[in-house]
Amino acid sequence: MTVELDTPGTSAAPAATAAGEWSGFARSLPKRLSELGQQPILVVSWIIVLVVIGWAIAPDLFTSYSPYDGNTNASFVPPSAEHWFGTDRLGRDLFARSVYGARTTLTATLLAVLVAFGIGTVVGLVAGFAGGFVDTAIMRVVDVFLAIPSLLLAMVVVSVLGYSTHNIALAVGISSIASFARVMRAEVLAVVTQDYVKAAYGLGVGRLGVMVKHVVPNSLSSVIALAALEVGTAVLAVASLGFLGYGAPPPEPEWGLLVAEGRDYVAVHPWASIMPGVALAIVVIATHRISTSFRKDHRR
Amino acid sequence: MLRYVALKIGRALFVVWAAFTLTFVLLFVLPANPVDLLFDPAEINAIPPEVRERVAANYGFNKPVILQYLDRLGHALTGDFGNSVQSGRPVTAAILDMLPSTLVLASGALALALLIAFVIAFVATSTRREWVRNLVEALPSGAVSVPVFLSGILILQIFSFRLGWFPAFGDEGAKSVVLPLVTLAIPVSGPIAQLLVRSFATEFHSGYVTTSWAKGATRSGIIIGDVFRNASLPALTIASITFGNLIAGSVITETVFARKGIGRLTQTAIDTLDVPLVQGIVVFVAAIFALINLIVDLNYPLLDPRLRATLAVSTPRAA
Amino acid sequence: MTDAATVPREVTDSPEEEQDPLLRITDLAIDYRTGRRQWTPAVRGASLHVDTGEFVSLVGESGSGKTTLIQGALGLLPTSARIRAGSIAYSGVDVTGWNDQRMALVRGNYVGFIPQDPNTSLNPVKKIGQQVIEAVRFNEPKAGNAAQHKEAALESLRTAGLKDTERVFQQYPHELSGGMKQRALIAVALAGKPKIIVADEPTSALDVTVQKVILDHLVGLREELGIGILLVTHNLGVALDRSDRILVMQDGEIVEEGPVRQVLGNATNDYTRRLLDAAPARHIGRLEPTSGAPSMPAAASAVLEARVLTKTYHLRGRGRRRELRALDTTDLVVRKGTTHAIVGESGAGKSTLASILVGFTSADSGTVHIGGRELTGLHRSQLRQIRRDLQFVFQNPFTSLDPRFTVSKIIAEPLHAFGLATSKQERTARVVELLKAVALDESYLHRLPSQLSGGQRQRVAIARALALNPEILVLDEAVSALDVSVQAQILQLLVDLQAQFGLSYVFVTHDLGVVRLISDDVTVMKGGVVVETGSVEQVFRSPQHEYTRELLAAIPGARVALAGAS
């Protein structure tokens with residue numbers, strides 16, 4: 001627990017711990033930056049994520065190779081200065097394929113998280129705020145979605161929608177709605193019992209006003225932390241479905257697919273699947289690290 | 001108490017029924033022409049219309065949706081989900097065939113995952129060295145970040161191809177299960193370890209632990225006597241996440257290691273759009289999930305005397 | 001009453017113990033880690049000692065470092081803290097820097113500890129008996145058998161003042177009341193047969209009548225067992241009533257030390273004198289407004305009238321439905337421009353009553369009139385208009401302000417809701433005016449609640465409640481979460497505001513001591529029923545009901561009051 005003695009809040013009461021929870025919002029930007037300087041791993045994580053976003057936006061800035069055309073004479077070249085990740089069976093540069101693959105995978109991830117966050121948050125808010133029968137009905141439906149493991153649900157959805165990266169994104173998003181709804185509902189229920197919400201009613205603020213001004217902003221912080229965490233999980237889910245072959249058709253570079261393509265040669269040319277896989281793992285680890293820092297920010 | 005049990009059983013049954021209905025809507029109602037799903041997409045145009053009609057009649061697709069639904073539900077209640085399109089065998093038999101293999105893999109992985117998670121939590125709580133704690137606490141988040149297909153391939157590469165300790169593929173003998181089991185245990189252990197590390201820390205700093213210190217208890221005495229039991233209870237609350245991870249993980253693990261099992265079966269079913277089999281698997285999985293949750297819910301009060309009390313008295317229904 | 005010298009010495013085993021005090025802390029300095037290489041001092045060179053058979057109190061407000069000091073003494077400091085200098089010695093044995101293994105031999109065996117909150121300090125999933133047995137087992141000189149352990153544990157429970165020990169032995173913590181839990185913890189502390197007991201705010205979480213019984217029991221134990229007791233408390237009244245010697249702590253330093261009579265008579269330290277003055281028991285009558293304007297309209301008309309209010313909560317349990325009658329045919333009349341206090345212990349129904357008055361909860365039956373208008377059965381929008389006249393101030397200023405709102409947004413919220421002061425300048429002017437009314441200035445406008453102290457927050461909450469010019473304020477334990485000195489300031493502010501705006505207060509509290517400072521009328525409640533009501537004068541001077549007398553007797557600070565009067 002951090003003790004901030006410069007704020008007057010700490011001089012008062014053991015209740016200061018409850019208040020300390022919110023001090024994160026009061027902290028100034030320079031202070032945040034200096035804190036960041038004390039956490040080298042977090043800095044590295046941000047750099048990794050920003051670079052990968054750069055890959056997705058302008059892949060040609062990062063590699064001069066084409067992701068589709070390869071030199072068949074140079075198939076399965078091990079990683080070298082020329083080909084950082086080596087080349088695949090068709091002699092395509094695997095680094096280039098990973099860089100271009102970032103766009104496919106990250107777009108799908110973003111879409112998935114938006115679907116899950118957007119729908120899940122609204123559903124959770126309605127359930128938590130309305131209460132009573134509406135709440136019970138919504139939560140029973142959410143239970144059902146939670147009962148089917150999300151990968152399985154995503155596989156079923158994608159099989160109905162048809163194989164494509166966009167459908168993967170939708171499927172992953174749909175399968176995560178339930179967990180967002182549950183977290184949002186729990187937060188709303190916790191915020192609704194807070195004194196400041198009661199106080200707002202007492203001051204004559206209407207139900208809608210209370211919801212918009214107090215309940216939503218104060219509930220969102222944990223859902224946003226979950227969304228940050230979900231980015232990593234969604235990358236994994238998208239890549240897993242790609243790996244199983246439900247995503248873009250083969251010439252298309254997609255991270256999960258890259259690993260799957262290299263898998264057949266893993267005994268002889270291990271890098272072909274390991275290099276893209278490791279890159280993927282590093283990105284997910286970095287997003288996890290960042291999401292943890294979000295969570296800490298609002299907890300302490 | 002009886003009311004509680006009845007409520008929980010009712011919910012479990014509801015979940016299974018809803019999973020059936022959901023998959024029915026997804027697989028039989030939503031697709032424009034569900035008959036198409038029954039054929040291999042590549043050959044779909046080559047199939048003569050009369051064959052399609054016969055198949056449609058066979059599956060009852062020419063009847064109104066509600067009748068189809070009731071018919072399927074009626075059969076499902078007796079454990080009959082129809083026949084697999086690909087193999088022609090009953091869905092239930094196909095699932096039960098694959099069950100033992102996955103059961104061995106999943107339960108072994110769960111046991112190993114629990115072991116890993118508890119070791120991590122114990123070390124993180126009992127160490128007095130900051131860096132050891134930080135290192136150990138970072139492990140679970142690494143475990144959930146590395147995709148199963150990558151860890152599978154890495155493990156395969158190192159222990160099978162390089163060191164030759166274990167067979168790479170197949171499901172013959174006890175040795176073949178080791179690598180898949182480890183692969184599956186890693187992602188499953190992650191969330192459990194994260195939760196345990198947190199709840200161990202919470203309990204370790206709680207008021208009754210201070211009381212124990214003041215009694216003259218030692219560090220190890222406190223961790224084993226007080227913290228362990230109280231901190232382990234919350235692990236049951238993520239039984240559902242654990243179960244989901246086990247299922248998702250076994251789909252990929254069984255693919256990577258070419259083992260037979262429910263996971264592979266699921267993948268094949270989806271690949272070949274074997275609709276009855278897909279529905280059978282989803283309902284089966286949801287049923288197991290509901291059963292696990294039911295067991296957890298029913299056992300929780302036995303493990304926590306406080307909950308026993310709230311069940312007897314319960315909180316005021318305040319306005 | 002009992003001087004240290006008159007206590008019989010039956011526990012002295014060896015001659016050295018006569019010379020060395022049971023506990024001696026010398027120049028102890030403890031820091032908290034606040035950054036990478038940053039340490040902030042929490043205790044700065046504090047010294048104290050406790051002799052055999054002595055009852056010593058350590059008094060300080062929150063943040064004074066008193067808890068850190070005793071955590072240091074017991075070796076229970078969190079990992080983020082370090083002892084920078086000084087020493088801790090038990091009977092002359094220096095234990096400074098001992099590791100957990102060695103300290104385990106001292107704790108329980110030599111020094112017993114009674115923690116602050118009985119509700120969290122017992123393991124919820126273990127039976128009481130087992131928890132006491134552990135304390136016996138850890139600390140016995142030679143291994144005994146299970147039957148002996150059980151006998152010793154039962155004996156310990158009996159000594160702690162629990163009746164029906166056999167039953168308590170088999171019970172879980174949640175099955176006991178707060179007072180019983182605290183007794184169980186005393187039993188745990190006694191089980192190791194310690195020579196000194198350290199108690200950290202042992203009664204703060206308990207009702208005042210229970211508090212009195214527990215503290216009296218501690219005093220009794222001191223005499224019965226001849227042990228030393230170090231009591232840590234924020235309540236000067238509690239400390240003065242029972243101690244032989246008192247230490248006052250402020251900002252990590254001991255600023256005052258001496259026998260009770262000396263501290264009461266001529267406290268050398270300024271802070272101690274301020275604490276003494278702030279103690280509610282010091283004041284005989286109602287606070288006067290600073291402006292000097294007399295309030296107290298002798299025969300004011302009723303501004304709020306509640307008749308036969310009843311509220312029952314239905315508890316869902318197995319089988320038959322259980323009911324909890326939170327409020328039973330309760331009447332309340334608040335006269336215009338006066339303060340009506342509602343007093344009671346936990347479960348008395350006073351908070352239910354307050355939330356019915358402001359409409360957070362609806363009553364099952366009964367009526368509420370505000371200034372002649374009946375509230376019951378009114379339409380939502382009509383109710384909202386009437387509620388403008390009746391505002392609420394919460395107990396905990398740390399939770400009643402939205403952490404994301406600035407002070408100006410918080411105070412302007414009711415103005416927004418009722419469409420008052422629509423232009424920006426108008427609104428800011430009104431907010432500043434309200435801030436001034438609660439003795440804060442413009443510099444607070446853009447601060448967040450987390451940047452304010454507890455007292456400042458409560459001022460903001462009061463300013464917000466005043467924004468709509470209400471006639472009545474319902475204050476639910478509005479000063480209970482604050483330190484004594486801050487509490488005194490807020491009470492004074494309330495009295496001033498009342499004189500200035502002619503407000504009427506409904507003042508809900510568990511603290512009878514405060515009632516005398518602010519109230520004109522008082523209603524005493526117990527178990528959802530009004531047991532006594534009348535003017536403060538009358539109820540305090542000649543209480544009619546047995547329970548009121550009990551409550552009055554439990555008010556700590558009898559000695560302060562005497563000294564103040566003399």
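Me: How do you know that the span of helix α15 of chain C is close to the one expected?

Reply: Helix α15 (residues 424–437) of chain C has 14 residues and reaches 20 Å from its first C-alpha to its last. A helix is a DSSP run of H or I with at least four residues, numbered from the N terminus. The model is predicted: local features need pLDDT of at least 70, side-chain atom pairs count only at pLDDT 80 or more, and totals for chains, interfaces and linings use all residues. Residues are numbered from 1 along each chain as its sequence is written, while chains are lettered from A and ligands numbered from 1 in the order in which they are written.

Me: Which residues of α15(C) are called buried, and what puts them on the same side?

Reply: C:Val431, C:Leu434 and C:Leu435 are buried (20 or more other C-beta atoms within 10 Å of their own; exposed means 12 or fewer; C-beta atoms are placed from the backbone). They cover an arc (of the directions from the helix axis to the C-beta atoms) of only 100 degrees, and therefore lie on the same side of α15(C). On the other side, C:Gln425, C:Glu426, C:Ala429 and C:Lys436 are exposed. The cover over the buried residues includes α14 (407–417) and α16 (454–466) of chain C. Just after α15(C), C:Ala439 takes a positive phi of about 65 degrees.

Me: What makes residues of α7(B) and α8(B) count as meeting?

Reply: The criterion is contact, meaning C-beta atoms within 7 Å. Among the residues that meet are B:Ile155 and B:Phe159 in α7(B), and B:Val182 and B:Ile186 in α8(B). By class, this contact has 8 nonpolar, 4 polar and no charged residues. Nonpolar covers Ala, Val, Leu, Ile, Met, Phe, Trp, Tyr, Cys and Pro; charged covers Asp, Glu, Lys and Arg; the others, Gly among them, are polar.

Me: At what angle do α7(B) and α8(B) pack?

Reply: Helix α7 (residues 148–162) and helix α8 (residues 175–204) of chain B pack at about 145 degrees, with axes 9 Å apart. Axes are fitted to C-alpha atoms over the stretch in contact, and angles run from 0 to 180 degrees between N-to-C directions.

Me: How many residues of chain B are in contact with chain C?

Reply: 30 residues of chain B are in contact with 38 residues of chain C. The largest share of the chain B side, 7 residues, comes from α9(B). The residues of that side divide into 14 nonpolar, 8 polar and 8 charged.

Methods. Helix = DSSP H or I, 4+ residues; strand = E, 2+ residues; numbered from the N terminus. Expected span 1.5 Å × (residues − 1). Contact = placed C-beta atoms within 7 Å.
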